[in-house]
Amino acid sequence: MKTVYSDEHRHQDGKAELIDGKLMPCFEMPRRADMILARVKEVKLGEVIEPDDFGIGPVKRVHKANFVEFLRGAWDLWVKQHGAYDALPLNWATRGMRTIEPEAIDGKLSHYSFDAGTPITAGTWRAITAAANVALSGLALLAKGESGAFSLCRPPGHHAGSDFYGGYCFFNNAAVAAQAFIDAGARRVAVLDVDYHHGNGTQEIFYERSDVLTISIHADPKQEFPYFLGHADEAGAGKGTGFHLNLPLRWGSAWDKYEAALAAAMTKLIAYEPEAVVVSLGVDTFEGDPISKFRLRHEDYLRMGQAIAKSGKPTLFVMEGGYAVEALGINAVNVLMGYEQAVRR
Ligand code: SS9
Ligand code: ZN
């Protein structure tokens, strides 16, 4: 399997996030991608290629223009107001308040975000545009006939919605790729999100559509971030009704519970007969993950890859979360190796 990778991810290198009531060093750090790339090379997974530049057009197919332009200009506005240190929002509109976009940059950050864990830095724009190109270049490999491809995206994307960022995510790389499949003529694409956290952004983007099936297996939002989406009764709206599946699992879940949820996910996915599959590949389900509470082990990721291969469809793996940095390469690449082994059999 080929890997698409760009060094540009390094430009997203935030100092701190607000987590557990403390300002802590960012869990979402450049070393994450270094560890995965090192493992890809160590096991000789396949060629590593640079992304092509697709411009901002495909990003604007899933994100609103005002949001994209906000992200493009946010750092400069912030620096004018406060100076050159990372931008974080501090308060949000809740019930009883209005959602008019403020003029001041602090208000704009609040307007377009949903957490205080996702700093906008000097290099955020460079990194997020590159990550979208990495996803789109992986898709191009499938279009050329590859059965699988790995887009080593960083920062991740699945929490980012049509006009909001958060959960370390700015552009929804997987959604950008799924939409590009559709725009290239595919009638049905499935997005399978195996990150520990609910793929709220992906779900929001496609919620009223039937041409992109979204499935997410994640920690129950009653217990876990992002808290306000990802419940089992969310199945889509309008034309999208029945084309979105949520499989929440309780804190402490290990492979036995996970395997059953993944089997249910694959049954739904296969019945949909998608022309391609996009996997939002988060490995923060690992037992050693510092911010998560599932108990998957190294070898479970091989099984996960094998199960995903059962669709028999071209599959694009898009990197999402995973914060046990030293184990990240093994876990992520195990999924890819499990997939490859099953496909070749
Ligand atoms: C948990 C706070 C989580 C955001 C995590 C985003 C993960 C993206 N107490 N903060 S994959
Ligand atoms: Zn996650």
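Predicted model: local features only at pLDDT ≥ 70, side-chain atom pairs only at ≥ 80, totals over all residues.

Ligand 1 has 13 residues around it, and the closest are H159, G167, D195, H197 and Y323. The protein covers 89% of the 380 Å² of accessible area that ligand 1 has on its own. Sorted by class, that shell holds four nonpolar, five polar and four charged residues. As for where ligand 1 sits, the space it takes is the largest pocket.

Now ligand 2, the zinc ion. Which protein residues are its donors? They are D195 through OD, H197 through ND1 and D284 through OD, lying 2.0 Å from the zinc ion. Why do we call the arrangement tetrahedral? Because the four donor atoms around the zinc ion subtend angles of 100 to 117°. Along the chain, the donors follow the spacing D-x1-H-x86-D. H197 and D284 are 87 residues apart, and the pair links distant parts of the chain. H197 is in the loop between strand 6 and helix 7, while D284 is in the loop between strand 9 and helix 9.

Last, the backbone. Most residues other than glycine have a negative phi, and most peptide bonds are trans. Here are some exceptions. R154 and P155 are joined by a cis peptide bond, with omega about -5°. P155 is in the loop between strand 5 and helix 6. The bond from F225 to P226 is also cis, with omega near 10°, and P226 lies between strand 7 and strand 8, in the loop. Finally, D20 is not a glycine, yet its phi is positive, about 55°. Look for D20 in the loop between strand 2 and strand 3.

Terms used. Residues numbered from 1 in each chain as written. Chains lettered and ligands numbered in written order. Heavy atoms only, no water. Near = heavy atom within 4 Å. Areas by Shrake-Rupley, 256 points an atom, 1.4 Å probe, with all protein chains shown as cover. 1 Å grid on protein atoms, 1.4 Å probe; cavity = no way out; pocket = protein on both sides within 12 Å on 5 of 7 lines; lining within 4 Å. Sits in = over half its atoms within 2 Å of the grid points. Nonpolar A, V, L, I, M, F, W, Y, C, P; charged D, E, K, R; others polar. Donors = N, O, S within 2.8 Å, 3.2 Å for Na, K, Ca; no water. Tetrahedral: all angles 85-135°; square planar, octahedral: opposite > 155°, others 65-115°. Helix = DSSP H or I, 4+ residues; strand = E, 2+ residues; numbered from the N terminus.
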